[in-house]
Amino acid sequence: MNPLAIATKGKGLKNALRRGQVITQRYGMTSHKMDQTLERFVCLLQTYQASATFPITAVALQRNSTAIRQFVERGLEFAIHGFTHIDHSQLSADQQAAYLNRAMAAFGQSQTPFNGFRCPYLRWNEGTLIALRQHGLLYDSSQGLAWDALDGLETPAYRHVLNFYGAQPAQRYPALPRFEQGLLRIPYCLPDDEGLIDRLQLPPAARTQVWLKMLQQIYELGELFTVGLHPERFDLLAEPLAATLAQARTLAPAVWIARLDEIAAWWCNRTETNVTLTALPGQEEVQVAVAGPVGLTILARRLIVNGPTAPWSGAYERVLVENFTLTTSLRPVIGLSPRSAPSLHEFLRQQGYVIELNEDSRPYPLYLDRLDFAPEDERPLLAQIENGDWPLLRLGRWPDGARAALNVTGDIDALTLWDYGLRFLGS
Ligand SMILES: [Zn+2]
């Protein structure tokens, strides 16, 4: 399918034509207006001590590398959004690898650091992941994840675009990073700006309400809210973004607001943490030693901790040291049968749960013997563990005691009207 066809398929022809007119108004005729918009975007972010991640096509980067470099120096992250803005789900792994090579060269030439990737239109295939792994990228953030935060405001156009994106429902799949054969996949939360404005056509106050509701749900679950806002629509959604960041900054335990490269690095480092439990002979006491990255969050539920702690959330306390003892006759971690599915083991480890493989189920408040474990099983298992009332020692997902994470992110398909016109031609 050619790029014009794909752009109109996703948006509906009428929408695409209308969008062409609107884009003219938003961009003006030069990249100057877009630079100014990014400047306002950065100012708003700085008000909330936040940064952001902007995936950009390599072609747009090449044409505007001086401006982009200035934003890099001010702490923004840029990621690869394709060499050009084409539908990667229609390309083979080899074709994607070739485009990725060219994109990486362009980022290198313009001295723009990169660690991650997002597909145009959020449309990826297995070849995308193969190409990203071959080229050593740290993360991909192309999988759309739709939140149930609309209270009946859904429109056929919104349902259509979710289908076009291949979005998954957040009721079934967690909004959390996950390693898949060495590549970290970071979901992209929906509705984003395009959903709120072009698909749902919500009035301003309702836009804010949707994002605040998503924040509330994601915070309750302790997951990651990627707030999607293409810079071209910044002025239309500055207020909802400000309200979302302001609300996130008032919550305690905190919301960690970070760039996707920071989130990916944290997920890697935290997953490597070692937790050792040693039963002290003749006593109902377990010695705990935790070796992990600076800022690690150690949580204890329904346990007597012999060491400094602080209240956290619900039944959890935060343990403030890395070496301490617990008064308990159990091993307050999750026991797994040795024949358990490797996917179960890997999922729990990435969530920060401490796992022990053991034939003997008796020492564990929770013991799992599951030969199959699919992504659809993750939400029910998380609910079972987190709603439990039994002793549990675990690592928090996020650093410095944060309960949830938030990333502001928006794709830059073009910095000028000229670039936008070329996007339809696949240049
Ligand atoms: Zn895009």
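**Figure 1. Surroundings of Leu 200 in the predicted model.** Leaving aside residues up to four places away in sequence, Leu 200 touches Leu 150, Leu 153, Glu 154, Thr 155, Tyr 158, Pro 191 and Gly 195. The model shown here and in the other views is predicted. Leu 200 sits in the loop that runs between helix H9 (193-199) and H10. Its relative accessibility is 5%, so Leu 200 counts as buried, the cut-off being under 20%. Thr 155, one of the residues touched by Leu 200, is 45 residues away from Leu 200 along the chain, yet their C-alpha atoms are separated by 5.9 Å.

Figure 2. Leu 190 and Pro 191 are joined by a cis peptide bond, with omega near 5 degrees. Most peptide bonds are trans. Pro 191 belongs to the loop between strand S9 (188-190) and H9. Pro 191 is also among the residues that Leu 200 touches.

**Figure 3. Packing of helices H10 and H11.** On the H10 side the contact is made by Arg 207, Thr 208, Trp 211, Leu 212 and Leu 215. On the H11 side are Leu 236, Leu 237, Glu 239, Pro 240, Leu 241, Ala 243, Thr 244, Gln 247 and Ala 248. By class, the residues of this contact between H10 and H11 are nine nonpolar, three polar and two charged.

Figure 4. The bond from Ala 252 to Pro 253 is a cis peptide bond, with omega about -5 degrees. Pro 253 is located in the loop between H11 and strand S11 (255-257).

**Figure 5. Packing of helices H6 and H7.** The axes of helix H6 (residues 93-109) and helix H7 (residues 126-134) come within 8 Å of each other, crossing at roughly 45 degrees. That angle makes H6 oblique to H7. The crossing of H6 and H7 is right-handed. From H6, the residues Ala 93, Gln 96, Ala 97 and Leu 100 take part in the contact. They meet Gly 127, Thr 128, Ile 130, Ala 131, Leu 132 and Gln 134 of H7. Six residues of the contact between H6 and H7 are nonpolar and four are polar, with no charged residue.

**Figure 6. Tyr 121 and its positive phi.** Tyr 121 is a residue other than glycine with a positive phi, near 60 degrees. Most residues other than glycine have a negative phi. The position of Tyr 121 is in the loop between strand S3 (116-117) and H7. With a relative accessibility of 9%, Tyr 121 counts as buried.

**Figure 7. Arg 302 and its positive phi.** Arg 302 is not a glycine either, and its phi is positive, at about 50 degrees. The loop that holds Arg 302 lies between strand S14 (298-301) and strand S15 (304-306).

Figure 8. Val 286 is part of strand S13, which covers residues 285-291. The relative accessible area of Val 286 is 3%, so this residue is buried. From C-alpha to C-alpha, Val 286 and Leu 326 are 5.2 Å apart in space, while 40 residues separate them in sequence.

**Figure 9. The two ends of the chain and the model's confidence.** The protein chain has a mean pLDDT of 91, and 90% of its residues reach 70 or more. Over residues 1-5 the pLDDT stays under 50, and the model gives this stretch nine contacts beyond four places in sequence. For residues 421-427 the pLDDT is likewise below 50; here the model has 17 contacts beyond near neighbours in sequence. In the chain as a whole there are 15 helices and 23 strands. Of its 427 residues, 58% are buried. Among contacts between residues at least 6 apart in sequence, 74% join residues at least 24 apart.

How values were computed: Residues numbered from 1 in each chain as written. Predicted model: local features only at pLDDT ≥ 70, side-chain atom pairs only at ≥ 80, totals over all residues. Heavy atoms only, no water. Contact = heavy atoms within 4.5 Å. Helix = DSSP H or I, 4+ residues; strand = E, 2+ residues; numbered from the N terminus. Nonpolar A, V, L, I, M, F, W, Y, C, P; charged D, E, K, R; others polar. pLDDT = per-residue confidence, 0-100. Buried < 20%, exposed > 50% of the residue type's maximum accessible area, 1.4 Å probe, protein only. Axes fitted to C-alpha atoms, helices over the stretch in contact; angles between N-to-C directions. Parallel < 35°, antiparallel > 145°, perpendicular 65-115°, else oblique. Left-handed = near helix turned anticlockwise from the far one by under 90°.
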